[in-house]
Amino acid sequence: MVAYVNHVPPDFRLMCKLGEGTFSEVLKVKQKKTGKVSAMKRFRKHFKSMEEIETLREIQALRRLNPHPHIIDLEDVIFEPKHGILSLNFELMDCNLYEMISQRKTATAFTESRARVVMWQICKALEYIHGKGIFHRDIKPENILIKNDTVKLADFGSCRGIHSKPPYTEYIATRWYRPPECLLTEGLYGFKMDIWGAGCVLFEIVAKVPLFPGSNELDQLHRIHAVLGTPPREVLKGIVG
């Protein structure tokens, strides 16, 4: 595995690391020729060819969805054959929603009217991607980016097609934003999970704390039940069969 620190494509200069996950890291980079600053997602996995890369759902989805005012802009796909490294270059946003909620200096920034504007943009993004036959599967504050007053949905690495057939991956979405059908079934869920996640995000914007911060899957179900109660019998039957 390549050490990523201080390693970016030769046409770019590394400015700093913005974040990292299991499968990739995100760097703030500047293009040497133009001086343009962007966010570069560098995958840890090594790829063999552009043909393999073109099959990635994230790239296929973003090409179908771009451009849209509330979807992150994919600016370039960069493949370094010598190292097998794939980078996706995105527009640089100011921060994510989690950072805005958690920073003390912005703790009072979300008035009711601003929360309404933010949620309207999130819902417009979901309406658009669902209309394009895609559901995100990982709606959470960290994947909602903000620049000035513009909100954009990001990180489509877990997305799937609405018309693809379940069962899907069972362990998907961050636990706190995972709907009951993801917890109670073996992958029998659908695009409505994005709406559940958006509802959890709305609560967090207003209350400044997560709605269902479960410590494990059983605790997650307990917390959901404590707020919403037992679902009607017909709903349970549809979930568990």
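**View 1. Strands E4 and E5 pair in the antiparallel sense.** E4 (residues 74-80) and E5 share 6 bridges; strands are DSSP runs of at least two residues (E), helices of at least four (H or I), numbered from the N terminus. Pairing requires at least two DSSP bridges between two strands. Val 77 has Leu 88 of E5 as its bridge partner. The hairpin of E4 and E5 has 4 residues between the strands, and Gly 84 there takes a positive phi near 75 degrees. This is a predicted model: local features need pLDDT of at least 70, side-chain atom pairs count only at pLDDT 80 or more, and totals for chains, interfaces and linings use all residues. Residues are numbered from 1 along each chain as its sequence is written, and side-chain values use heavy atoms, leaving out hydrogens and water.

**View 2. Strand E5 (residues 85-90) is mostly covered.** 6 of its 6 residues are buried (under 20% relative accessible area, with a 1.4 Å probe and protein chains only; exposed is over 50%, partly exposed in between). Ile 85, Ser 87 and Asn 89 lie on one side of E5, with Leu 86, Leu 88 and Phe 90 on the other. Strand E3 (residues 37-43) runs antiparallel to E5, joined by 4 bridges. Ala 39 stands opposite Phe 90 in E5.

**View 3. Three strands form an open antiparallel sheet in the order E6-E8-E9.** E6 (95-96) and E9 (150-153) each have a single partner strand, so one side of each is left without a neighbour in the sheet. E8 (residues 144-147) pairs with E9 over 4 bridges. Lys 147 has Thr 150 in E9 as its bridge partner.
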